[in-house]
Amino acid sequence: MKKDYTPEDELLFLALGGSGEIGMNVNLYGCQGKWLMVDLGMTFGANEYPGTELVFADLDFIEARAQDLLGIVLTHAHEDHIGAVPYFAAELGVPLYATPFTAELVRRKLEEADLDGEIEINIIEEDHGEIELGPFTVTYLPLAHSIAEGNALLIDTPHGRIFHTGDWKLDEDPIIGEPTTEEELREIGDEGVLALVCDSTNVFNPNPSGSEGAVYKGLLGEVGKWEGRRVLVTTFASNVARLQTLGDVAKATGRQLCVAGRSLDRIIDVSKQSGYLQDFPQVIDWDTAMGLPRGQVLILATGGQGEPRAALARIADENHPLELSSGDVVLFSSRQIPGNEISIGKVQNQLAERGIVMVTDRQSMIHVSGHPGRPELAALYEWLRPETLVPVHGEIRHMQEQCRFGRSEGIEQTVFQRNGDIVRLAPGAPGRVAQIEAGRLVLDGDIIVPADGDSIVMRRRLAFNGVVMVVLDAKGRPQVEAMGLPLVEDYADFIAEAQADIVEALKRLRGRDASSREAVIEAARLAARRAATRWSGKRPQVKVMLAEG
């Protein structure tokens with residue numbers, strides 16, 4: 001490999017996102033001077049980046065080599081696999097490849113971003129569709145997941161075959177789609193698999209993830225229990241199989257279906273356009289739903305992760321046209337994503353305070369994961385018999401555990417890697433050969449900035465410590481204002497003392513410092529900060545401005 005990391009007569013793997021966190025998946029394969037990107041996802045911000053919502057992988061590495069990037073192949077339509085497409089695909093300037101359902105959701109995203117028609121989208125047949133891109137031949141292999149058209153990728157190269165799982169599970173009764181069979185996967189294993197690049201999300205789960213068909217039975221029984229009560233079910237909007245299940249449950253229990261949430265409206269529309277949900281019941285509007293007897297309506301709503309602007313949070317806060325009352329029921333047909341515990345708890349507490357009954361997947365079989373537990377991983381290992389296992393799509397603990405589990409199941413070579421590690425898969429023994437900077441970017445307002453850049457770092461400091469503003473007039477007399485400090489009734493005394501300290505600090509300046517703008521600002525800054533620390537125990541940011549004149 002050249003020092004500029006150009007892949008030579010070799011096969012390389014590089015994760016820019018998704019290896020070290022769950023979400024933000026961006027993977028690169030390199031061979032014979034060219035690169036192939038698999039997925040271009042994002043994740044959602046938390047308190048780690050105040051004032052931001054979207055987090056992206058830093059694509060600087062591949063942007064600098066865009067002339068050698070052949071295309072972006074998308075495995076499925078979850079946000080952590082396609083969410084960054086509107087923000088970066090145009091700049092990368094390469095075609096996108098996706099199956100019909102994923103392609104339509106991506107097209108709508110691009111349309112919303114005023115990029116419709118500017119990025120080439122190639123629609124691939126869902127079942128074993130094939131793409132030839134330079135040294136790579138990519139075949140789509142449908143696998144079950146919690147969205148329509150989840151796919152693994154079989155990537156043929158001059159050095160061997162890669163089986164890139166994407167997000168997957170095993171499901172004997174998937175409701176939507178027909179996953180690749182065990183027999184087909186065994187045939188692929190018989191032909192030889194150089195490396196299995198595999199989802200690690202549920203590696204600690206000792207049980208299989210479960211079937212969507214079993215969820216239908218669980219939801220049917222649960223909804224049927226609550227005769228005479230209004231029932232709301234919240235689930236992931238993208239889970240088309242779950243939407244089909246809930247449509248069937250509504251019909252089987254004699255309830256009219258009402259939908260609350262724009263993302264649900266969009267997914268239902270795209271699903272029907274792509275040939276799914278063809279027998280989905282006619283949805284009624286909110287006013288009609290509220291006019292029906294309580295036991296004759298089933299509400300399907302977004303917001304199971306406690307999102308404050310989603311339908312469920314607004315219903316819980318009694319700020320939505322759809323209403324629930326004491327004795328009504330909310331079924332959480334989704335898993336609690338780590339990091340969302342506080343927001344989910346807030347919504348659930350609001351519901352509980354009003355006497356609304358809640359049922360989660362811990363109490364009833366109303367949800368199954370879209371990712372493989374240990375028995376499913378073991379089965380795939382046996383069917384494919386890969387020479388090397390490369391865990392992805394997980395935090396460090398998930399990927400390290402899959403390495404250990406893979407070795408215990410007989411895979412001799414495992415490669416632990418994280419974002420930024422360039423791994424040579426062939427020729428020779430697989431392993432890390434280089435490491436590049438793999439940072440994060442955030443959408444801050446309308447601008448994409450480094451996650452560790454000055455604006456975010458400063459905002460974090462302001463959030464923790466507050467800010468003090470100092471204005472010095474032409475005669476050096478200070479005016480002080482403070483925000484975010486725990487002063488309350490001591491505020492006026494603090495201001496007086498801080499101003500006196502600043503005056504004294506400026507008097508102590510001698511010689512050139514007394515007339516130096518920089519020295520005056522620094523003396524005032526330090527005096528104000530010391531006063532703030534003395535009064536509040538905080539170390540605020542201090543901004544000093546000199547009045548002109």
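Modeller: A residue counts as buried when its relative accessible area is under 20%. Keep that in mind, because this is a predicted model and we judge burial by that cut-off.

Colleague: OK. What share of the protein chain counts as buried?

Modeller: Of its 549 residues, 55% count as buried.

Colleague: And what is the chain built from? How many helices and strands?

Modeller: The protein chain has 17 helices and 28 strands. Its C-alpha trace spans about 85 × 70 × 45 Å along the principal axes.

Colleague: What share of the contacts comes from residues 24 or more positions apart?

Modeller: They account for 72% of the contacts with a separation of 6 or more.

Colleague: Let's go inside. How many residues are in the largest nonpolar core?

Modeller: That core has 79 residues. L16, L40, I62 and F101 have the most contacts inside it. Helix 7, residues 240-252, gives the largest share of this core, with six residues.

Colleague: Take I62. What does it touch?

Modeller: Leaving out residues up to four places away in sequence, I62 touches L16, L28, W35, M37, L69 and L92.

Colleague: A426, noted. What kind of peptide bond runs from A426 to P427?

Modeller: The bond is cis, with omega near 0°. P427 sits in the loop between strand 22 (421-426) and strand 23 (431-435).

Colleague: Back to helix 7. Is R242 buried or exposed?

Modeller: R242, which is in helix 7, is buried, because its relative accessible area is 0%.

Colleague: What surrounds R242?

Modeller: R242 touches E212, V215, L219, T235, S333, I366, H367 and V368, again not counting residues up to four places away in sequence.

Colleague: And where is I448 relative to R242?

Modeller: Those two are 206 residues apart along the chain, and their C-alpha atoms are separated by 34 Å.

Colleague: New topic: helix pairs. How do helix 4 and helix 8 cross?

Modeller: The axes of helix 4 (residues 100-112) and helix 8 (residues 262-273) come within 9 Å and cross at roughly 135°. That angle is why helix 4 counts as oblique to helix 8. The crossing is right-handed.

Colleague: Which residues make the contact?

Modeller: Helix 4 brings F101, E104, L105 and R108. Helix 8 brings R266, I267, D269, V270, S271 and Q273. The residues of this contact divide into four nonpolar, two polar and four charged.

Colleague: Look at E104, L105 and R108 on helix 4. Why might residues three or four places apart meet one partner?

Modeller: An α-helix has 3.6 residues a turn, so residues three or four places apart point the same way.

Colleague: What about helix 12? How many of its residues are buried?

Modeller: Helix 12, residues 374-384, is mostly covered, with eight of its 11 residues buried. The buried ones are E376, L377, A378, A379, L380, Y381, W383 and L384.

Colleague: What do they pack against?

Modeller: Strand 12 (160-164), helix 5 (182-191), strand 13 (195-199), strand 20 (388-392) and helix 13 (396-408). Just after helix 12, R385 takes a positive phi of about 50°.

Colleague: Last one: positive phi values. What is phi of M24?

Modeller: Phi of M24 is near 60°, a positive value in a residue other than glycine. M24 is in the loop between strand 1 (11-17) and strand 2 (26-31). M24 is buried, because its relative accessible area is 0%.

Colleague: And E318? Is it buried or exposed?

Modeller: E318 counts as exposed, because its relative accessibility is 62%. Its phi is positive too, about 55°, although E318 is not a glycine. E318 lies in the loop between helix 10 (311-316) and strand 18 (329-332).

Key. Residues are numbered from 1 along each chain as its sequence is written. This is a predicted model: local features need pLDDT of at least 70, side-chain atom pairs count only at pLDDT 80 or more; totals for chains, interfaces and linings use all residues. Side-chain values use heavy atoms; hydrogens and water are left out. A nonpolar core is a set of buried Ala, Val, Leu, Ile, Met, Phe, Trp, Tyr and Cys residues joined through side-chain atoms within 4.5 Å. Buried means under 20% relative accessible area, exposed over 50%, partly exposed in between (1.4 Å probe, protein chains only). Helices (H or I, at least four residues) and strands (E, at least two) are DSSP runs, numbered from the N terminus. Contact means heavy atoms within 4.5 Å. Axes are lines fitted to C-alpha atoms, for helices over the stretch in contact, and angles run from 0 to 180 degrees between N-to-C directions. Angles under 35 degrees count as roughly parallel, over 145 as roughly antiparallel, 65 to 115 as roughly perpendicular and the rest as oblique. A crossing is left-handed if the near helix is turned anticlockwise from the far one by less than a right angle, and right-handed if clockwise. Ala, Val, Leu, Ile, Met, Phe, Trp, Tyr, Cys and Pro count as nonpolar, Asp, Glu, Lys and Arg as charged, and the others, Gly among them, as polar.
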